[in-house]
Amino acid sequence: METINDILNPYSELETDIRGLMTQLFSETCGLCTACCCRADICEEARDSAFLAKLLERQGLKAADMDERYGWLDLHGCSLEYGRPPICYEFFCDELLARLSDEEARLAARVLGKLMDHVGQRALGGWHLVEVMEDSDLAKVDLGGLEQRLEEARAAYDVIRHYLESGRLGAADRKILAAIKLDEV
């Protein structure tokens with residue numbers, strides 16, 4: 001990986017895959033929910049972040065396309081294919097968690113929700129990748145660390161996808177998931 005542009009494809013592919021699993025897990029609950037947990041102020045990060053702005057451009061979008069009141073929401077939820085702020089994947093209301101069968105399933109969901117955040121950690125000093133606001137600063141991002149965290153996130157995603165198909169998490173799977181740090185709840 002030589003430039004930040006080299007990460008755009010694998011990053012967007014991972015995010016698209018994560019969104020697919022999230023939809024598989026939670027679309028029934030979210031689709032019937034009358035309380036919208038998304039807010040336009042969260043969407044502002046997709047508009048303000050130099051990295052997320054690059055992902056918007058890849059979708060043919062500009063910051064000015066974001067609705068000031070509703071952000072990127074439309075009648076079907078978030079209209080962004082990828083390039084969402086990582087926080088968009090981390091929130092699980094009580095209703096979502098209650099739908100999961102056991103603690104192992106809740107762990108898998110919580111790790112799934114942290115994968116995009118994990119990728120961007122410490123991208124530039126102590127800054128997360130999406131906190132880099134100047135395009136010129138993207139050239140200073142730690143590409144090696146970013147690539148390593150992307151690989152860890154992809155491995156964890158594969159474990160979670162397999163878990164959802166098989167219902168089993170082995171010791172090696174748990175070790176892969178442990179690379180993704182979760183906030184204490």
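Because the model is predicted, local features are reported where pLDDT is at least 70 and side-chain atom pairs count only at pLDDT 80 or more, while totals for chains, interfaces and linings use all residues. Residues are numbered from 1 along each chain as its sequence is written, and side-chain values use heavy atoms, with hydrogens and water left out.

In soluble globular proteins, nonpolar side chains tend to be buried together. When residues up to four places away in sequence are not counted, Leu129 is in contact (heavy atoms within 4.5 Å) with Ile4, Tyr11, Ser49, Phe51, Gly120, Ala123, Leu138, Val141 and Leu146.

Helix H1 bends by about 70° at Phe26, the bend at a residue being the angle between axes fitted to the seven residues ending there and the seven starting there. Phe26 is also one of the buried residues of H1, which include Leu8, Tyr11, Leu14, Ile18, Leu21 and Met22 as well as Glu15 and Arg19; buried means under 20% relative accessible area, exposed over 50% and partly exposed in between (1.4 Å probe, protein chains only). The cover over the buried residues of H1 includes H3, helix H4 (94-99), H5 and H6.

A salt bridge is taken as a side-chain nitrogen of Lys or Arg within 4 Å of a carboxyl oxygen of Asp or Glu, and by this rule the count comes to 13. In helix H5, Lys114 and Asp117 lie three residues apart, about one turn of the helix, and their side chains meet in a salt bridge at 3.2 Å, N to O. Both partners count as buried, Lys114 at 9% relative accessibility and Asp117 at 15%. Arg106 and Glu103 are likewise three residues apart in H5, and therefore separated by about one helical turn; the closest N and O atoms of their salt bridge are 3.3 Å apart. In this pair Arg106 is partly exposed at 23%, whereas Glu103 is exposed at 53%. Arg47, Asp48 and Glu68 are linked in a network of salt bridges, within which the closest N and O atoms of Asp48 and Arg47 are 3.5 Å apart.

About 1,200 Å³ of space lies in the largest pocket, which is lined by 36 residues, with Cys30, Cys37, Gly77, Cys78 and Arg84 nearest its centre. On a 1 Å grid over the protein atoms alone, a pocket is an open set of points where a 1.4 Å probe fits, with protein on both sides within 12 Å along at least five of seven lines, and lining residues have an atom within 4 Å of a point; grid points are joined across faces, edges and corners, and the volume is the space filled by probe spheres set on the points. H1, H2, strand E1 (73-74) and strand E2 (77-78) each supply at least two lining residues, and the largest share, eight residues, comes from H1.

Finally, Arg122, found in the loop between helix H5 (103-120) and helix H6 (143-166), has a phi near 50°, a positive value in a residue other than glycine.

Methods: Helix = DSSP H or I, 4+ residues; strand = E, 2+ residues; numbered from the N terminus.
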